[in-house]
Amino acid sequence: MPDNSPQSTPAGALVFTTVLTRGPLSRVEIGELTGLSSATVTKATRPFLDSGYLVEERAEDPSGRGRPRSPLAIRADREFFLGVKVTAAELIAVVTDLRAGVRASARRPLADCTPEAVVPALAELVEELLAEPGRRRRVRTMGVAVSGDIDRAAGVVRSSPFLGWTEVDLGARLAAATGLAVLVENDVKALTAAERWFGSGLGASSFALVTLGTGVGCGLVVNGALVAGAHGVAGELGHVPVVADGPRCPCGRTGCVEAVAAERAILARCREVSGTGLTMAEAVAAARAGDEPLRAVFADAGHAIGLGLAALANLVGPERIVVSGEGLAAYDLIGERLRETFAAHAFGAAARCALELRPLSFEDWARGAAVVGIEALLSRA
Ligand SMILES: [Zn+2]
């Protein structure tokens, strides 16, 4: 695919993202939404029109007078993006268009989650998805979402406890194996990028996405920007300490939200109180059936998460906190305590922060990885 993507300026990026997330829009509407002058809007849109990323739609003036409006719209099939979510058990991949619409998806189980096994398996999955006629020439960027501490600029997974990876140069290895430009991002940050532009974060200048499951993740958007932190670590809600001298966390510290509320922590505690080796599904079923000691374990997890969310609301003051992740499957057991604790500890007007539940599939996570590629379009020179 010839590289004739637009040279992006700050005004260009602002105009493009405005049309991407809210379009089609007339130039006047773009000016109103961005605060840019009409001359600046016209100049900023030109490279995107020339390179085919934006198109002018002809629409008649509804009043029937004056010139027809020509709203600008995204040409969704101008470029496609690959997005992959890597879990310890499975690879989940999607192909999206420029507006993050999923055009195809595929999964591949992993018997072995070492980088030596994941890289060739992922390359095969990419081949399978790009084999569709006409698709390969539209795709040149792949986003890959991995849990843990990620050096996005270097494409390196510094540490991913769930995969057992340390200092893995995943970006370079996948680029060599697939021939694509590869962006590696923390999975929760990738999902947050997708929610910011195309999901429940749309229109909110500050919001947080919190994921419950194997870990407790959090992506933060403040004043419209994803917070990365000076050292690449920010919004680590899972490691906010909430229990003094509490249980040990997989991170090595004690009393973290994750040490109480991550799935494996809940299961370990359920086994302890029941004195049996029950599975998570059995623990959930028994708690739903009224087993009080088990119900208390889930309520404690809700309490820990509620404390973490209150800390988040008090520090950042987001408009809303979106709660997601596979842990939502047991939300009926943790939610009541979570909300009570949040309400009891949110300071003043911070309690106005809405808590929204949003179930998302692994394909949604993979779509988040694709959105990392869409974002990068604007910084591609
Ligand atoms: Zn921790």
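Biologist: Okay, which residue is the bridge partner of R320 in β15?

Modeller: That's A354. Keep in mind that this is a predicted model.

Biologist: Noted. How many bridges join β14 to β15, and do they run parallel or antiparallel?

Modeller: There are 4 bridges between β14, residues 320-324, and β15, and the two strands run parallel.

Biologist: What is the strand order in the sheet they belong to?

Modeller: The order is β13-β12-β11-β14-β15, an open sheet of 5 strands with mixed pairing. At the edges you find β13 (225-226) and β15 (354-357); each has a single partner strand, so one side of each has no neighbour in the sheet.

Biologist: Which strands does helix α6 touch there?

Modeller: Helix α6, residues 187-198, packs on the sheet and touches β11 (207-212), β12 (216-222) and β13. The direction of α6 makes about 135° with that of β11. Helix α11, residues 331-345, packs on the sheet too, touching β11, β14 and β15. The direction of α11 makes about 170° with that of β15.

Biologist: Remind me, what holds strands of a sheet together?

Modeller: Strands in a sheet pair through backbone hydrogen bonds, in a parallel or an antiparallel way.

Biologist: Now the sheet with β7, β8 and β9. Is its pairing parallel or antiparallel?

Modeller: Antiparallel, in an open sheet with the order β7-β8-β9. β7 and β9 are its edge strands, each pairing on one side only. On average, neighbouring strands in this sheet are turned by 15° against each other, ignoring direction.

Biologist: What does S159 pair up with?

Modeller: S159 stands opposite T166 in β9, and S159 in β8 is also the bridge partner of D149. As for the counts, β7 and β8 pair over 3 bridges, and 3 bridges join β8 (156-160) to β9 (165-168).

Biologist: And in the hairpin of β8 and β9, which residue takes a positive phi?

Modeller: G164 does, with a phi near 75°. The hairpin has 4 residues between the strands.

Biologist: What about the second largest pocket, what is its volume?

Modeller: About 400 Å³. 18 residues line the second largest pocket, with T18, T21, R22, G203 and G224 nearest its centre.

Biologist: Which element gives the most to that lining?

Modeller: That's α1, with 5 residues. By class, the lining of the second largest pocket has 7 nonpolar, 9 polar and 2 charged residues.

Biologist: And which domains does the second largest pocket lie between?

Modeller: Domain 1 (10-74) and domain 3 (201-357) both give residues to the lining of the second largest pocket, so it lies between them. The C-alpha centres of domain 1 and domain 3 lie 41 Å apart.

Note on methods
Residues numbered from 1 in each chain as written. Predicted model: local features only at pLDDT ≥ 70, side-chain atom pairs only at ≥ 80, totals over all residues. Heavy atoms only, no water. Pairing = 2+ DSSP bridges. Contact = heavy atoms within 4.5 Å. Axes fitted to C-alpha atoms, helices over the stretch in contact; angles between N-to-C directions. 1 Å grid on protein atoms, 1.4 Å probe; cavity = no way out; pocket = protein on both sides within 12 Å on 5 of 7 lines; lining within 4 Å. Points joined across faces, edges and corners; volume = space filled by probe spheres on them. Nonpolar A, V, L, I, M, F, W, Y, C, P; charged D, E, K, R; others polar. Domains from an automatic or database assignment.
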